[in-house]
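The sequence and the model are shown first, and the description follows.

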Amino acid sequence: MKNLTRYFLFALIITALLFGTFAQSSAHNYKTSAAFPTLFAQYDDPYSDFRNAKYSNAGLLTERDEIKLGIQLHREVTKKFSLTDTGLARADRLGQRCAQASLRPSLVYKFHVIQSREINGFSLPGGHVYVTTALLRLANDNELGAVLCHEVGHIVARHSLKTLKKSKEYDDVASSLGDITGVAGDLARDLGVALGQMVGAGLLTVHSRDEEREADFLGVRTMSGAGFDPQGMITMFQKLQRIEEQDSDLLGSLFSDHPDAEERIANTRYEIARMRRR
Ligand SMILES: [Zn+2]
């Protein structure tokens, strides 16, 4: 519990700041420009940057090395957090639906539950997705589907791999992964320590606001393909928003560095309406 709290403390502070600053900001027309009124409709799309994106491991770790890295990072997660079978069958059942409907269905996804009173979800390279017992209690199936499909979206878009690529540890990590024999072999001891520190500092689990928007976009579209009611993403945000107002200590990185809830709700409404038009 202490670890988890420290893990996301920074994120919580950012969240609080964002809420204060952007609470009134209008959501999905942030790209509009008065200078180009005739192009208004075109610029009104909050997800225009992501619609034609193609996702692959090109320029990043290979998928095989990504899977190896995921296994090593998961080991570090199990040292820091207490994993439980409580709610695991449900998280896996709903999560696999997201995985199959995602733009990266060939990867093997593993869903994990962390025992914690903090409401949180995060993902790591190689298909590992984590949700807390508090989140499982809070969310109905469509809402949990929203979180899981969002986290799968981070894995589809290789957000953590892109972060890693920019980090000073990248060369060491990449060459050490190449040295591992088999997928789950032992890693050089000092690299294990480095990965543990990465997990502890949230380097690979805290994303930029643009990455969060992209995961929301991929998530809501995946929800629809996976047979969830995408409205669950909106009601999930609303529940998180209420908790943020009442007891923000309970919120983990799920809300960290994310666009503010009002924007996320408006963007999600935009995308649901757009999906219905087609
Ligand atoms: Zn996210």
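How many of the five residues of strand 4 are buried? In this predicted model, strand 4 is mostly covered, with five of its five residues buried. The sections below place that strand in its surroundings.

## Overall composition

The protein chain contains 13 helices and four strands. Of its 278 residues, 43% are buried. Among contacts between residues at least 6 apart in sequence, 74% join residues that are at least 24 apart.

The four strands form an open sheet with mixed pairing, in the order 1-2-4-3. Strand 1 (83-84) and strand 3 (121-124) stand at the edges, and each has a single partner strand, so one side of each is left without a neighbour in the sheet. In general, the strands of a sheet pair through backbone hydrogen bonds, in either a parallel or an antiparallel sense.

Strand 1 runs antiparallel to strand 2 (residues 110-114), and two bridges join them; Leu83 has Ile114 of strand 2 as its bridge partner. Strand 2 and strand 4 pair in the parallel sense over five bridges, and Lys110 has His128 of strand 4 as its bridge partner. Strand 3 and strand 4 are antiparallel, paired over four bridges, with Gly121 opposite Val131 in strand 4. These two strands form a hairpin with three residues between them, and Gly126 in the turn has a positive phi of about 80 degrees.

## The two faces of strand 4

In a regular strand, side chains alternate between the two faces of the sheet. From strand 4, His128, Tyr130 and Thr132 point one way, while Val129 and Val131 point the other way. The residues pointing either way are all buried.

In soluble globular proteins, nonpolar side chains tend to be buried together. The largest nonpolar core here has 42 residues, and those with the most contacts inside it are Val147, Leu148 and Val152. At least two residues of this core come from each of several elements, including strand 2, strand 4 (128-132), helix 5 (88-101) and helix 13 (261-277). Helix 7 gives the largest share of this core, eight residues.

A second, separate core has twelve residues, among them Val173, Leu177, Leu195 and Leu204.

## Helix packing

The axes of helix 4 and helix 9 come within 10 Å and cross at roughly 95 degrees. Helix 4 is therefore roughly perpendicular to helix 9. Asp65, Lys68 and Leu69 of helix 4 make the contact with Val173, Ala174 and Leu177 of helix 9. By class, this contact has four nonpolar, no polar and two charged residues.

In helix 8 (residues 159-166), the residues His159, Ser160, Leu161 and Leu164 are buried. Their cover includes helix 4 (63-80), strand 3, helix 7 (141-156), helix 9 (170-179) and helix 11 (209-225).

## A buried loop residue

Which residue in the loop between helix 4 and strand 1 deserves attention here? Phe81 is found in that loop. Phe81 counts as buried because 21 other C-beta atoms lie within 10 Å, the cut-off being 20 or more. Phe81 and Ser116 are 35 residues apart in sequence, and their C-alpha atoms are 8.6 Å apart in space.

Note on methods
Residues are numbered from 1 along each chain as its sequence is written. This is a predicted model: local features need pLDDT of at least 70, side-chain atom pairs count only at pLDDT 80 or more; totals for chains, interfaces and linings use all residues. Two strands pair if DSSP finds at least two bridges between them. Two residues are in contact if their C-beta atoms, placed from the backbone, lie within 7 Å. A nonpolar core is a set of buried Ala, Val, Leu, Ile, Met, Phe, Trp, Tyr and Cys residues joined through C-beta atoms within 7 Å. Axes are lines fitted to C-alpha atoms, for helices over the stretch in contact, and angles run from 0 to 180 degrees between N-to-C directions. Angles under 35 degrees count as roughly parallel, over 145 as roughly antiparallel, 65 to 115 as roughly perpendicular and the rest as oblique. Ala, Val, Leu, Ile, Met, Phe, Trp, Tyr, Cys and Pro count as nonpolar, Asp, Glu, Lys and Arg as charged, and the others, Gly among them, as polar.
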